[in-house]
Amino acid sequence: MNRKVWIYATVQGVAVFAALILVSAVTRNRPASAAELQRSTIQACPSGPGVQLAATGNKTIITPPSLGDSSGNAYSHGVRVGNMLFLAGHTGTAANEPANLNTQARRTFAELEAVLKSAGGSLNDIVTMTVFITDVRLGPEFLRIRKEILGRDFPASALIGVSRLMPVDGLLEIQAIAVLPCRDTATG
């Protein structure tokens, strides 16, 4: 390599490195905005009915009273570790009800919201969701419903076509992960 080209490339590399250090220092030391201050004020999460420390490990089991005890089926509606909440898959089905995507989708989001509220959060705290749908032709309808319910600042998501769900009359199932704005007092 020509010596002039080598010197030029070295100087450019040093300049880029210095710029990165400067940007890092400026953003690290900048005053926080009102929104950031509000987010950084961590409140204690609710405790009481539906929130219990797991028998083993450093996790909290979330069982909203409105959804009933799921332990008979060997799962938890929600499991909290630190400020993360892992939500089980919900289908929004009801006994003796015809399969209807609109009804099941809205009920599913209501069930997820019940788990989130019991843990001190809301649908806005979902950072990713996986949606399983039994008829991919219903995908656009589901996306419309999800957009209406969530409004904006959507979570990362996957929409996956599957042949069947459990229960078999389920048209969709949603599982999600949320990052909660409150501190888990049960696990510290």
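A residue is called buried when its relative accessible area is under 20%, exposed when it is over 50%, and partly exposed in between, with a 1.4 Å probe and protein chains only. The model is predicted, so that local features need pLDDT of at least 70 and side-chain atom pairs count only at pLDDT 80 or more, while totals for chains, interfaces and linings use all residues. Residues are numbered from 1 along each chain as its sequence is written, and side-chain values use heavy atoms, with hydrogens and water left out.

Helix α4, which spans residues 139-150, has as its buried residues Gly-139, Phe-142, Ile-145, Arg-146 and Leu-150. These lie on the same side of α4 because they cover an arc of only 125° around the axis, the arc being that of the directions from the helix axis to the C-beta atoms. The face turned away from this buried side carries the exposed residues Pro-140 and Lys-147. Among the elements that cover the buried residues of α4 are α3 (101-118), β6 (126-133), β7 (156-161) and β8 (172-179), where contact means heavy atoms within 4.5 Å. Helices (H or I, at least four residues) and strands (E, at least two) are DSSP runs, numbered from the N terminus.

In the contact between the two helices, Leu-101, Asn-102, Ala-105, Arg-106 and Phe-109 of α3 meet Glu-141, Phe-142, Ile-145, Arg-146, Glu-148, Ile-149 and Leu-150 of α4. By class, this contact of α3 with α4 comprises seven nonpolar, one polar and four charged residues, with Ala, Val, Leu, Ile, Met, Phe, Trp, Tyr, Cys and Pro counted as nonpolar, Asp, Glu, Lys and Arg as charged, and the others, Gly among them, as polar. Just after α4, Gly-151 takes a positive phi of about 80°.

Conventions:
The expected span of a helix is 1.5 Å times one less than its number of residues.
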